[in-house]
Amino acid sequence: MSHQGRCTAVLLAITLLITLNSLSSVSARPTIHTVGDDSGWTFNVERWTGGKRFQAGDILAFNYDPSFHNVANVGVHGYTSCTASSNSGTSTSGNDRMILLRGWNYFICSIPGHCQEGMRIAVYAS
C-alpha cells in the first residue's frame with residue numbers, strides 16, 4: 001500500500017470515528033418537555049402526559065406565574081393526597097426545570113386547592 005493510500009485510509013477511519021462519536025452524543029441529549037405545552041403549568045394539566053414518551057434524564061420545563069403557583073416534587077402518596085411534605089422539593093421561580101429519574105416521577109402545585117383542580121402530573125420515565 002502506498003503512503004498516499006495509507007493516509008487516505010487513516011483519514012477515513014478518523015472521519016468515521018468522529019461521525020460515530022457525534023451521533024452518539026446527539027442521541028444522549030435529554031429531551032426538554034414543556035409541561036402543558038403552550039398553556040404551561042396550570043389547572044387541568046394532569047392529562048398532558050398522555051401519549052408522550054419520557055426517558056430518564058429528560059427534563060420537564062414548568063412555566064407558570066410564580067405569584068399564583070409552585071411545583072412540588074412529591075412521592076405517590078403526595079400525588080394521590082395532593083399534599084407536599086416539608087422534605088418535598090418545592091420550586092417557585094415560574095421557570096423551573098426538573099430532571100426525570102427512572103420510574104415514576106410525581107409533581108403537584110402545593111397551593112391549597114390547585115392539585116385538586118388538576119395541577120398535578122405523574123410521569124413514567126423508562
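## Thr42 and its surroundings

Setting aside neighbours within four places in sequence, Thr42 is in contact (heavy atoms within 4.5 Å) with Gly118 and Met119. Thr42 sits in the loop between β1 and β2; strands here are DSSP runs of E, at least two residues long, numbered from the N terminus. From Thr42 to Asn63 the separation is 21 residues in sequence and 8.7 Å in space, C-alpha to C-alpha.

With 26% relative accessibility, Thr42 counts as partly exposed. That class lies between buried, under 20% relative accessible area, and exposed, over 50% (1.4 Å probe, protein chains only).

## About the model

This is a predicted model, in which local features need pLDDT of at least 70 and side-chain atom pairs count only at pLDDT 80 or more, while totals for chains, interfaces and linings use all residues. Residues are numbered from 1 along each chain as its sequence is written, and side-chain values use heavy atoms, leaving out hydrogens and water.

## A salt bridge across the chain

Arg120 and Glu46 join their side chains in a salt bridge, at 3.2 Å from N to O. This pair links distant parts of the chain, 74 residues apart: Arg120 belongs to strand β7 (residues 120-125), and Glu46 to the loop between β1 (32-34) and β2 (59-63). The rule asks for a side-chain nitrogen of Lys or Arg within 4 Å of a carboxyl oxygen of Asp or Glu, and the count by it is one salt bridge.

Arg120 counts as buried because its relative accessibility is 18%, whereas Glu46, at 26%, counts as partly exposed.

## Strands β2 and β5

Strands β2 and β5 pair in the antiparallel sense over five bridges; pairing requires that DSSP finds at least two bridges between two strands. Ala61 has Arg97 in β5 as its bridge partner.

Terms used
Helix = DSSP H or I, 4+ residues; strand = E, 2+ residues; numbered from the N terminus.
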